[in-house]
Structure formats: C-alpha cells, structure tokens
Amino acid sequence: MESGYSIGQLRGAVTAAVRAPSLHNVQPWRFRLRDGGIEVLVDAARRLPATDPSGWGARVACGAALFNLRLALAVAGTPATVRLRPYPSEPDVVARLLPDLPRRPTPAEQSLYAAIPRRFSNRAPFWPDPVPADARWRLGEAARTEFCWLELLIGVSAVNAFAEVAQGAHRVLERDPAYRTEREEWVRATYTPDGVPVSAGGPQAESQDLLPSRDFGGRSRPPGRDFEPEPLVAVLGSAGNTAIDQVIAGQALQRVLLTATDAGLSASMLSQPIEVPSAREQLRMSLGRFGTPQMVMRIGYGQPGRVTPRRPVDEVLDLPVHQG
Ligand SMILES: Cc1cc2nc3c(=O)[nH]c(=O)nc-3n(C[C@H](O)[C@H](O)[C@H](O)COP(=O)(O)O)c2cc1C
C-alpha cells in the first residue's frame, strides 16, 4: 500500500468520481496516485475547444468529480484533506487529496453518497408540483456548505427575464458552426462509454419553449404544446472566477445535484448563459449578486429516466509505475 488509502478504496472512490456530470459527457478528468495521495487532473486530450475555450467547463466537471471522490473516501472511513491546484507549474492538477484522521461517516455523507449512482440529467418535462420549501432550503444550504451561493428565481417575471437572457445566449452559441459541430460529434445514437445518448437528450425544442435546450437529437413532440409549467430555475455562483473558484463551483454543483436527488427531485443543467460572457454579466446584474454565476439548473419532480454511460476506471486512473 502506497498511502493511507488502499488501492481498493481508491478504485471505489474513482468509480464514484466518474459519475460526475460534464459538458457533453466528455468526462474531462484523470486520477493519479502520487506520493501517498490521489490527484484529480483535467484531461487535456478531452477539451472542447469550440464549446469551452477557457476550460471553465472542464474545471467545473473536475470539481464535481472531486466532490464525489471526497464523499466516497469519507464514507469509506478516511476523509481526505484537499489542496486545490497544488502545483503552480502544473495547472491541470486540479486537486490533491491526502488521508486525514479516520472517522465514521456522517448520515448526510452517507445519503449523498447513496445518491451518486441515481443522479442523472433529466431533460424531460417536469411535473407541475412545486419544489417544497424545506427542499429549497436544503439546496441553498448545499451550495453554502461548499462556499457558493444558490439563487432560486421566484415569480414569473424573474423566470421570464432569465429565459430571455438564456435564449439570447443560446442563439449566439448556435450561430458558431464549430460549436454546432462539436455538439453533434458528442451525440450518440448507439452505446459508447462517453457522449450524450440520444435517449437522454430530452424532447426536441419548440419555438414556444421558455428555456433553451441543447439539441442532442432527442425525439420530436406534438407541436404547439408547452414543455412544462413554470420550472424552478436555480443559479449557482461562486465568490470569484479564478480556476480555483471554478473547481469550488463544481464541488458545490455536485453537492446541490446530489441533495436534489436525495430529496426525490430531478435536475438538468443549462449553461448557455454562463458560456456567453455578456449573458453571464447580465445574469449577475439581474440577480444583484457579487461573484460569478457558474451554472444554471432546472429543478423539479421528474419522470423516470436512466443514468448515462461512463468510461471504466482503468481508463482514467494512473497507478504509480512500480504498482503497475
Ligand atoms: C459544465 C457543464 C455544463 C453543462 N451544460 C449543459 C447544458 O447546457 N445543457 C444540458 O442539457 N446539459 C448540460 N450539462 C449536463 C451534461 O450534458 C451531462 O452531465 C452529461 O451529458 C452526463 O450526463 P448525466 O448528467 O446524466 O450524468 C452540463 C454539465 C456540465 C458539468
């Protein structure tokens, strides 16, 4: 054994980590065992140059994977101490985790961990039932626990104003042929261990839809019908917008998504208004918040659905050479 963690524990934790969400399900992460610790890295070979030129999305996804990794190690009885971006000369190393003192997992850690294999992006219309107040509070608390904020849009006018910004950002992005090509390249009609399966894509957008949806080749729907009644829209934000802030936002995103799953709720993400800088600024101003919006979620009671595939652990975990 190279560290305070056994290889079995680390493999189990990486199995949980890769269940994290990522833009187009590219899974832009690697995990490396080094000097008694485990490290999370952005996989430079899995960047999306047209969709994610700054690497924001990859860092958010790695942050989400890091949250699952932390949770799995805590549930295994040895939580980790985490250093974010530990090596200035290696910016792709997002985090380094070392074993802390062993302790029993808390009930909250256990229930969030149990939610990992059940969470998925649910792009189908949600039921009209409102998200109850205690669940709303828990979602906000999940973001705050991870040093972020969560703004729930209240009322038709706030949601409509947001929808206008989001639709504008969607149109800007869709005008770029390289962006469209990249999205099409990651849509999967048959099984592959990455990319977005057509079956997970949600119904095709219609012109009357309030919120924009990325076209992942989903099925068409009867024309003229509303997608869903007013959904709960939540904006997740961080204190700043450095690379570290984006990793922190990814951890908060995953904590919010798992908290939603644990509360019996579904969620999907829409990041178009985050990806277009002017839209992101408009969103921040409309919320009257300091800091930076990092993700938008649609949250509600969803129809059943399925989790999407992931690459096997052996493909993303680098063991030290002598452990081969
Ligand atoms: C940074 C980021 C941005 C995302 N943006 C969108 C989006 O705009 N629209 C969408 O439908 N899903 C979006 N997603 C969700 C991914 O497409 C999804 O996580 C991935 O396909 C894996 O599926 P799963 O969430 O069901 O595990 C985003 C995820 C991340 C991490």
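This is a predicted model: local features need pLDDT of at least 70, side-chain atom pairs count only at pLDDT 80 or more; totals for chains, interfaces and linings use all residues.
Reader: Which domains does the chain have?
Author: Domain 1 (7-118 + 312-323) and domain 2 (133-300). The bounds come from an automatic or database domain assignment.

Reader: How far apart are the C-alpha centres of domain 1 and domain 2?
Author: They lie 22 Å apart. The contact takes 29 residues from domain 1 and 27 residues from domain 2. Contact means C-beta atoms, placed from the backbone, within 7 Å.

Reader: Which elements supply at least two residues on the domain 1 side?
Author: α2, β4 (93-99) and α3 (107-115) each do. Helix α2 gives the most to that side, with 10 residues. Helices (H or I, at least four residues) and strands (E, at least two) are DSSP runs, numbered from the N terminus.

Reader: And how do the residues of that side divide?
Author: Into 19 nonpolar, seven polar and three charged. Ala, Val, Leu, Ile, Met, Phe, Trp, Tyr, Cys and Pro count as nonpolar, Asp, Glu, Lys and Arg as charged, and the others, Gly among them, as polar.

Reader: New topic. Where does the shell around the ligand lie?
Author: Domain 1 and domain 2 both give residues to the shell, so it lies between them.

Reader: Which residues come nearest to the ligand?
Author: P21, N25, F120, S121 and S271, of the 20 residues around it. A residue is near if its C-beta atom, placed from the backbone, lies within 6 Å. Helix α2 gives the most, with three residues.

Reader: What about the classes in the shell?
Author: Nine nonpolar, nine polar and two charged residues.

Reader: Back to α2. Is L66 in that helix buried or exposed?
Author: L66 is buried, because 26 other C-beta atoms lie within 10 Å. The cut-offs are 20 or more for buried, 12 or fewer for exposed, and partly exposed in between, with C-beta atoms placed from the backbone.

Reader: What does L66 touch?
Author: V40, V94, A95, V247, G250 and Q251, not counting residues up to four places away in sequence.

Reader: And R183, buried or exposed?
Author: R183 counts as buried, because it has 21 C-beta neighbours inside 10 Å. R183 lies in helix α6 (residues 177-185). It touches H24 and R214, leaving out residues up to four places away in sequence. Its C-alpha atom is 9.4 Å from that of L48, 135 residues apart along the chain.

Reader: Now the sheet. What is the strand order?
Author: The open sheet of four strands runs β5-β8-β10-β9, with antiparallel pairing. Strands pair if DSSP finds at least two bridges between them. The edge strands are β5 (148-152) and β9, each pairing on one side only.

Reader: How many bridges join β8 to β10?
Author: Seven join β8 (residues 232-238) to β10 (residues 292-300). L232 stands opposite I299 in β10.

Reader: Which helix lies across β5, β8 and β10?
Author: Helix α9 (residues 277-287), running at about 75° to β10. Axes are lines fitted to C-alpha atoms, for helices over the stretch in contact, and angles run from 0 to 180 degrees between N-to-C directions.

Definitions and conventions:
Residues are numbered from 1 along each chain as its sequence is written. Two residues are in contact if their C-beta atoms, placed from the backbone, lie within 7 Å.
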